[in-house]
Amino acid sequence: MTMSETASATPAAKKPKINQFRRLLWHVNRTDLGWVTKATLTSLQLGARAKRIEMLNSLPAAPEWSTASRQLNEQGYVDVSSIVDRGLAEAVLNVSQDKVSRLDELAAKQQLGHKSFWVSLLDEDLIDGAFATDHPFVRYAMQPAVLRIMGDFMHELPQLSDVLLTLSRPTENKPLTYSQLWHLDHDDKRVCKLFIYLTDVRDTADGPLTFIPAPSSKPFRNTIKSHMADDRVFAKVDRSAVKEIIAPKLSSFIVNTARCLHMGSRIQSDRTRLLYTATYIQPPRIYPEPPARFRAVGPLSDLERAVMRL
Ligand SMILES: O=C(O)CCC(=O)C(=O)O
């Protein structure tokens, strides 16, 4: 039973208590105390963990992947453009360009309503909220090099949580909101995102993904405040620590978004930016599992099933 089911089965008078407990847990999990939750849950599933480590070790390995994994561990980011499969990236690009060519039609049907600068373009590819495992977006996320780089960093086979296509557009003179402000991702304790730029990001006006490497992001690790404006950030960190990913279309990179303070999509003038994102966590998840995000199509290995929780 999930926590929300528990809450709805409880008499009305007791509901606020449970909600307060959940809120408290949510706050605690955002700090380093969340590692206690993680360790407790992990200790309850040691058999499953051993299996995932065995599966990770069955993946191919390469010296450049190990170097990438080390950089991810030490700095919280790594450029994987020269490592990933270019053909798979191009397949993602083709799907994405088709979506953008039908932008008006898709935007009208958009389900993700709150971010005015983001348009979710993949809703039509979902059945009951789930992507087919042979979808190019899923295939890109499942390539062995990526699983190995992330897995070696997490010391365990990662769990693929989601794949996403976002088109960011200028917000004119509106105040910055959501991911345009500096934040850490708190989906879990270890969260890594694999990105592909699907349009050229030539300068700041294209709204690059912008981050502060993990060592310099340390002062923000236990900050309860979730989204911060520049002045708050630069009161604690020198601006020279900031990295803007200015890179051509099809560049691909991994960022530990739980450790690297980041923001992006500050699009200026008439620019637009198209971005692929795959989100991975280190299992077991510290919050209740959301509904299945992937549905099996065609034969899948045990390892693939484990990564996608199928
Ligand atoms: O739009 C951006 O570049 C920021 C994306 C972001 O914050 C995220 O994926 O967590």
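Biologist: How does Arg49 count by its relative accessible area, buried, partly exposed or exposed?
Modeller: This is a predicted model, and in it Arg49 has a relative accessible area of 25%. Buried would require under 20% and exposed over 50%. The value for Arg49 therefore puts this residue in the class partly exposed.

Biologist: And which residue forms a salt bridge with Arg49?
Modeller: The closest N and O atoms of the pair are 2.8 Å apart, and a salt bridge needs them within 4 Å. The pair links distant parts of the chain, with Arg49 in helix H4 and its partner in the loop between helix H9 and strand E4, 107 residues apart.

Biologist: How many residues apart are Asp32 and Arg221?
Modeller: Asp32 and Arg221 form a salt bridge, with their closest N and O atoms 3.1 Å apart. Asp32 sits in the loop between helix H2 and H3, and Arg221 in the loop between helix H10 and helix H11. Asp32 is partly exposed at 31% relative accessibility, and Arg221 is partly exposed at 22%.

Biologist: What is the distance between the closest N and O atoms of Asp203 and Arg271?
Modeller: Asp203 lies in the loop between strand E5 and strand E6, and Arg271 in the loop between strand E9 and strand E10. Asp203 is partly exposed, with a relative accessible area of 30%. The two residues form a salt bridge, and their closest N and O atoms are separated by 2.9 Å.

Biologist: Within what arc do the buried residues of helix H3 fall?
Modeller: Helix H3 covers residues 34-43, and its buried residues are Gly34, Thr37, Lys38 and Thr42. Seen down the axis of H3, they line one face of the helix, because their directions fall within an arc of 130 degrees.

Biologist: What share of the ligand's accessible area does the protein cover?
Modeller: A side-chain N or O atom of Lys193 is 2.7 Å from an oxygen atom of the ligand, while the distance from a polar side-chain atom of His183 to a ligand oxygen is 3.1 Å. For Asp185 the corresponding distance is 3.3 Å. On its own the ligand has 300 Å² of accessible area, and the protein covers 97%.

Biologist: How many residues of the shell around the ligand are charged?
Modeller: The ligand is surrounded by 11 residues, the closest being His183, Lys193, His262, Ser265 and Arg273. The shell divides into 3 nonpolar and 5 polar residues, and the number of charged ones is 3.

Methods. Residues numbered from 1 in each chain as written. Predicted model: local features only at pLDDT ≥ 70, side-chain atom pairs only at ≥ 80, totals over all residues. Heavy atoms only, no water. Near = heavy atom within 4 Å. Polar contact = N/O pair within 3.5 Å; in protein donor to acceptor, adjacent residues only side chain to side chain. Areas by Shrake-Rupley, 256 points an atom, 1.4 Å probe, with all protein chains shown as cover. Nonpolar A, V, L, I, M, F, W, Y, C, P; charged D, E, K, R; others polar. Buried < 20%, exposed > 50% of the residue type's maximum accessible area, 1.4 Å probe, protein only. Helix = DSSP H or I, 4+ residues; strand = E, 2+ residues; numbered from the N terminus. Arc of directions from axis to C-beta. Salt bridge = Lys/Arg side-chain N within 4 Å of Asp/Glu carboxyl O.
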